[in-house]
Amino acid sequence: MQSAARRRVVVDLGATTLDPLALAAAVDLAELAEAEFAGLFIEDVNLFRLGALPFAAEIGMASGTWRPLATVDVERMLRLQAERLQRALAEAAPVLAMAWSFGVARGAPLRSLLAARADVSVVPGAARRSRVHDGPEQVLRQAFQRRHAGGKGGHGPVAVVLGEGSVSGRTLESARALARSRGAAMLALASSASGPQGKRERPDTSEMRMIHLPDLAPETLARALGNAQALFWPLSEESAEGAVEIESLRLLLECPVVLVR
Amino acid sequence: MTGRMLRSEELYTRCDPAAFAFATTADLEDVVGIPGQVRATEALDFGVGIRREGYNLFVMGPPGTGKHRLVRELLAQKVSGASRPSDWVYVNNFEHPHKPLAIELASGRGSALRDDMRRLVEDLRIAIPAVFESDEYRSRGEQIDLDFAERQEKAFGELGAEASQQSIALLRTPNGFSLAPAKDGEVISAEDYERLPEADKERIQKAIAALQQKLERIIRLAQQWRRERFERVKALNREMTLLAVGHLVDDLRLRYADAPKVCAYLEAVRQDVIESRDDFLPQQKSGLPFLPSPSDAASLRRYEVNVIIDHGDGNGMPVVVEEHPTYSNLLGRVDHISQFGTLMTDFGLIKAGALHRANGGYLLLDVHRLLMQPFAWEGLKRALSTRGIRIESLGEMYSLVSTVSLEPEPIPLDVKVVLFGERYFYHLLQAYDPDFPRLFKVAVDFDDDVKHDAGNRDLYARVLGTMARHDGLLPLEGGAVARVIEHSARLAGDALRLSANLRRLGDLAGEADHWARTASRQAITAVDIQRAIDAQQRRSDRLRERIHETILRGTIMIDSDGEKVGQVNGLSVYMLGEHAFGEPTRITATTRVGDGQIIDVQREVELGGAIHSKGVLILSAFLAARFSTREPHALSASLVFEQTYGTVEGDSASVAELVALMSSLAEVPVRQSLAVTGSVNQLGQVQAIGRVNEKIEGFFDICRARGLTGHQGVIIPATNVDHLMLRSDVVEAVAAGRFQVWAVREVDEVVELLTGMPAGVADAGGAWPAETVNGRIARRLKALTRLRQQQMRLALQGPKGQREAQ
């Protein structure tokens with residue numbers, strides 16, 4: 001289904017973490033880069049821990065009634081959901097003539113996503129995680145159909161964080177492609193505390209609107225971003241600290257965080 | 001008292017061509033109406049004109065009398081220029097789709113409404129998607145979604161935060177939510193939980209229990225918000241659809257403001273469109289190539305208008321002739337189409353019947369065909385009684401099929417039905433169908449024949465001229481017309497009447513036209529008419545010739561000379577459709593002592609009809625009344641129609657039977673050169689019979705074949721003389737004295753002619769002269785009575801007496 005050289009864009013298709021904005025960004029980026037769309041169904045380890053607790057119970061969103069929940073129930077539910085999503089992806093992806101794959105992993109959602117082999121990882125913003133959407137399969141289909149119909153996406157800008165380290169050319173290239181594709185403005189976020197040396201190392205940002213923030217702390221970024229469509233985060237290395245930073249950021253953001261390697 | 005020998009002039013009434021004031025019928029004007037049918041014409045005029053309930057018409061009379069032509073001519077005059085009746089359409093009933101609605105519209109507006117509705121649907125298919133693709137709709141829809149999402153988000157967010165403060169995580173599960181103790185944002189494992197002190201466990205469980213209640217309330221609220229969102233989206237959709245559909249429907253309502261039912265229908269359409277906006281939006285194609293796409297026009301068929309009656313291009317009132325009056329052809333039907341093995345239907349498959357088409361005008365039906373069709377008569381009566389056309393499926397009515405069907409709204413009926421048929425249908429329906437007199441109050445009775453007078457002769461000439469013109473025939477000369485009129489009298493079986501069977505006269509004229517053209521004539525002459533008559537006769541003559549041959553060969557025994565006791569030549573007629581011919585039949589009688597019974601062999605073997613049996617019983621009554629007024633006679637007799645192998649019906653041989661009996665009783669021989677026809681009553685009077693011409697000709701043909709002697713002839717009732725229209729060869733033979741035709745009034749006249757012996761007249765005391773036929777009969781009867789009395793006495797004395805007698 002994919003050539004050896006083909007890039008991969010991975011996105012979380014987990015039943016509880018699937019996010020329409022992240023999914024839309026992943027679909028757009030995969031098509032723009034002619035990359036493989038890699039759907040990763042992450043079985044949230046928290047749910048298994050929940051199922052193992054003696055008093056575990058679940059209230060149905062539709063029924064509004066409580067029922068006991070055991071580990072075996074969690075496993076069964078997740079397996080069925082993974083199967084449905086895989087079928088939905090197989091039906092939806094062909095509209096874009098796109099290479100695609102579907103995988104299943106178990107663990108903490110973000111860590112599992114970061115651990116996946118991919119050139120681009122799209123991490124869903126978690127500020128809206130409690131928002132109840134249409135069924136996951138429907139969200140998946142809509143993402144592909146929107147792209148197929150030439151949908152432009154949201155109204156806000158595509159943002160890139162110019163951190164202390166260097167921003168890869170691929171990150172900027174991807175951000176530009178997404179912004180052009182959606183007809184969105186580009187926003188470059190930098191810390192006003194950065195020195196002249198840091199500025200010299202920055203790439204060409206002539207087509208971006210530069211915003212200097214007091215710092216690039218998650219809370220500051222979240223306030224500044226507002227209705228941004230996506231935030232491109234410089235991924236210097238996959239370290240435990242980096243993961244914690246991303247987790248802190250995404251918990252405050254509505255838009256997805258795009259990590260380009 | 002020997003009857004009267006008829007002169008040749010009495011045997012045929014000629015029509016004098018010189019009486020006609022034209023050279024050919026080309027000089028004559030067309031005739032309107034049917035000659036001589038004054039009563040029928042008046043009845044028809046009345047029946048067609050009166051517009052009251054139950055005044056439907058039954059037009060009766062024999063075939064070929066011009067019933068249909070007269071009715072159509074009269075109706076054509078009546079309906080031309082009359083206002084055209086309403087159009088009728090069926091439309092979908094949006095509340096009860098299985099009960100389509102019928103709408104009446106002014107003539108021509110049915111198809112206009114259909115076209116308007118098609119345009120409306122086309123416009124809606126453009127206008128509705130446009131509205132739903134507008135920025136306004138998107139923006140308002142997003143606002144609703146956002147409002148819903150924010151409320152939900154806020155509620156769950158606050159609960160999540162509250163839970164987090166108590167080290168409890170609010171988790172999304174595939175089906176809903178759950179709560180679990182957490183540490184550093186991760187749910188603690190079961191092992192870690194077990195290691196917790198009991199107090200912590202208790203605290204956690206209490207906290208979770210409290211949070212669960214709050215979560216439950218939020219979920220209930222979320223459900224309510226979802227419903228609210230759904231209602232708001234629905235309301236928005238309705239509002240936007242109304243925006244698209246409103247002015248389009250309003251335009252149509254203005255156009256049909258004078259038709260309240262159309263306006264009500266359009267309002268229903270508006271509401272349905274608002275509820276069904278998805279049908280007007282572009283739909284995804286079905287994944288399976290053989291399945292119809294939901295966006296196909298099929299889903300919008302419910303807005304079609306089924307114009308079942310369109311008088312837009314009509315001319316006056318409709319006159320509908322239904323040649324095949326089945327139940328569904330009369331009352332309409334609901335068709336079905338097969339979809340994936342299931343029979344489906346809708347209001348668009350309602351088909352009109354003849355009653356729909358004739359509504360507001362006239363429906364012409366043949367009663368025989370109507371009665372032959374199952375349920376058609378009942379259906380017609382029901383429609384006329386209820387003054388409404390209700391389309392019902394016979395299969396469903398009788399539970400023969402089980403499929404989706406409709407109950408279309410009945411359509412009010414205002415039609416005049418004209419039934420055509422033979423008289424017996426009319427009388428049978430009058431006798432056995434109580435609805436019939438109530439529904440068909442106007443009888444239009446066409447005569448079988450009309451008076452033979454100068455006026456009608458002139459009218460017949462014009463009828464023939466009209467037929468010739470209309471059918472492209474050569475005109476008829478006066479002589480040809482005269483010959484047709486003579487033939488018409490022959491067909492009527494009465495010199496004083498003319499047959500009203502214009503079809504047969506038309507056929508005759510058509511065939512004569514063929515012969516005239518063959519002879520390169522410019523007009524049809526009497527010769528051509530005669531040739532056509534002869535050819536018709538010849539074509540139908542096979543059976544007559546065969547019987548004639550068997551008689552001449554002696555296979556069927558008929559004597560035409562000599563004398564025989566108890567044997568008389570009767571005359572019978574064979575009817576083969578419109579062709580009839582007569583042949584002589586030998587009737588024999590034997591007499592003996594007995595208990596007064598006359599045995600009719602035909603009746604004993606059930607080969608005699610009721611009228612024939614009646615005739616035989618009258619003979620018995622006649623003999624008893626004449627000869628046994630004081631004591632019962634001890635006569636036993638047998639009567640036989642010799643060599644007949646089928647049913648004998650009618651009493652036209654009763655004179656012959658009586659004479660055979662009297663001959664046997666009197667032991668006086670009967671002349672075989674004379675044949676006799678006529679019926680007799682118990683007073684001995686001879687009464688008229690039918691088909692006298694054919695009977696005379698039947699015996700004449702036998703005699704001529706054997707050689708006419710001048711003594712041969714036929715005895716007929718005097719009351720039949722007016723009916724004589726004999727063939728020219730018979731007339732010529734009588735004129736030359738080679739054949740006789742006698743007219744009689746009393747049976748004694750027949751007896752004298754056949755026996756050559758006086759019949760005898762009883763004196764004041766009731767005694768008959770000795771050497772007369774009646775005297776001999778009286779004597780014989782008395783002898784038989786004495787013999788019978790003697791036998792009875794001996795029987796009473798027992799075996800000794802019988803031995804003495806021996």
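Salt bridges first, everyone: a search of the whole structure turns up 85 of them over all chains. By salt bridge I mean a side-chain nitrogen of Lys or Arg within 4 Å of a carboxyl oxygen of Asp or Glu. Please keep in mind that this is a predicted model, where local features need pLDDT of at least 70, side-chain atom pairs count only at pLDDT 80 or more, and totals for chains, interfaces and linings use all residues. Residues are numbered from 1 along each chain as its sequence is written, chains are lettered from A in the order in which they are written, and side-chain values use heavy atoms, with hydrogens and water left out.

Let's start in chain A. The side chains of A:Glu91 and A:Arg141 form a salt bridge, at 3.7 Å from N to O. A:Glu91 sits in helix H3 (residues 71-92) and A:Arg141 in helix H5 (residues 136-148), so this pair ties together parts that are 50 residues apart in sequence. Helices here are DSSP runs of H or I, at least four residues, numbered from the N terminus. A:Glu91 is exposed, at 53% relative accessibility, while A:Arg141 is partly exposed at 27%. For those words, buried is under 20% relative accessible area, exposed is over 50%, and partly exposed is in between, with a 1.4 Å probe and protein chains only.

Now to chain B. B:Arg270 and B:Asp250 meet in a salt bridge at 2.8 Å, N to O. B:Arg270 belongs to helix H7 (residues 260-275) and B:Asp250 to helix H6 (residues 198-255), so the pair links parts 20 residues apart in sequence. Is B:Arg270 buried or exposed? It is buried, with a relative accessible area of 9%, whereas B:Asp250 is partly exposed at 37%.

Last topic, the lining of the largest cavity. A cavity is a set of points, on a 1 Å grid over the protein atoms alone, where a 1.4 Å probe fits but cannot get out, and lining residues have an atom within 4 Å of a point. Residues in this lining include A:Asp12, A:Thr17, A:Val123 and A:Arg250. Helix H4 (residues 109-115) of chain A gives the most to it, with 3 residues.

Note on methods: Helices (H or I, at least four residues) and strands (E, at least two) are DSSP runs, numbered from the N terminus. On a 1 Å grid over the protein atoms alone, a cavity is a set of points where a 1.4 Å probe fits but cannot get out, and a pocket is an open set with protein on both sides within 12 Å along at least five of seven lines; lining residues have an atom within 4 Å of a point.
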